[in-house]
Each structure stands twice: as C-alpha cells, then as structure tokens.
Amino acid sequence: MAIPRGSTPTHIFELPFDTELVKEVRITYAQNDIEVLCKETEDCTITEKEIIVDLTQEETFLFDINFLVQIQLEVLDIKGKVHQSDVITKSVKKCLNNEVLE
C-alpha cells in the first residue's frame with residue numbers, strides 16, 4: 001500500500017521473536033538509498049510481538065512522490081545481536097494540499 005503525503009500512517013512490524021529481547025529499535029525511511037527519516041525506540045510502541053510506529057504529516061511531506069520509499073527495521077537485542085528486516089518499498093501518493101492540519 002502507498003504512503004499518502006500529508007497523512008499520518010501507522011506502520012506495524014511483526015517480529016519473529018518476543019519483544020522482551022529488544023534493547024533498541026531503529027526504523028529507517030529512505031528514497032534513492034538516501035535517509036529521509038529515522039525513527040528510534042522512543043518513537044515506537046512495542047507490544048508482545050510487534051513494533052508500531054506512527055508517522056506525522058510533517059514526516060510524510062518529506063517524501064517525494066517521484067521515488068519509492070525504502071523502509072528497514074533494525075533491532076538490537078539484549079545479547080548485542082542486530083537483526084535487520086528486508087527492505088520494504090512503498091510508493092508515495094500525491095497530496096493536493098501541502099499544509100499540515102492542526
């Protein structure tokens with residue numbers, strides 16, 4: 001599913017292991033292999049098996065509709081091992097108004 005510019009999507013990442021083992025989280029959003037946005041542990045909600053992150057309107061306005069968004073989750077576990085997801089790609093939908101709703 002595409003990411004609409006100016007929206008506030010929620011992204012959910014399901015882990016193959018219990019989140020009690022998670023020490024740190026980093027979710028990188030890039031376009032053309034250049035980082036556009038990075039979310040850290042404090043930006044996420046962590047449940048038993050999922051890491052949930054919300055993007056703001058300001059953040060989705062950073063995405064260029066002409067390029068795919070690349071998303072990758074990295075998790076540092078309590079044993080010092082780093083686990084990386086495959087890179088997920090999403091298109092970006094156009095928004096006709098570029099103002100943040102308040």
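In this predicted model, phenylalanine 63 has a relative accessibility of 1% and is therefore classed as buried, the limit being under 20%. Phenylalanine 63 lies in the loop between helix 1 (57-60) and strand 7 (69-77).

A pair of aromatic rings is described by the distance of the centres and the angle of the planes. One aromatic pair was counted in the model. This pair is formed by tyrosine 29 and phenylalanine 63, with ring centres 6.1 Å apart and an angle of 40° between the planes, and its geometry is tilted. The two residues are 34 residues apart, and the pair links distant parts of the chain. Tyrosine 29 belongs to strand 3 (residues 22-31). With a relative accessibility of 0%, tyrosine 29 is likewise buried.

Phenylalanine 63 is also among the contacts of arginine 5. Arginine 5 is placed in the loop between strand 1 (3-4) and strand 2 (10-14). The relative accessible area of arginine 5 is 18%, and because burial requires a value under 20%, this residue counts as buried. When neighbours within four places in sequence are set aside, arginine 5 is in contact with Thr60, Phe61, Phe63, Ile65, Val92, Lys93, Cys95 and Asn98. Towards phenylalanine 61, the side chain of arginine 5 reaches the backbone oxygen at 2.6 Å.

Notes: Residues numbered from 1 in each chain as written. Predicted model: local features only at pLDDT ≥ 70, side-chain atom pairs only at ≥ 80, totals over all residues. Heavy atoms only, no water. Phe/Tyr/Trp six-rings, centres within 6.5 Å; stacked < 30°, edge-to-face > 60°. Helix = DSSP H or I, 4+ residues; strand = E, 2+ residues; numbered from the N terminus. Buried < 20%, exposed > 50% of the residue type's maximum accessible area, 1.4 Å probe, protein only. Contact = heavy atoms within 4.5 Å. Polar contact = N/O pair within 3.5 Å; in protein donor to acceptor, adjacent residues only side chain to side chain.
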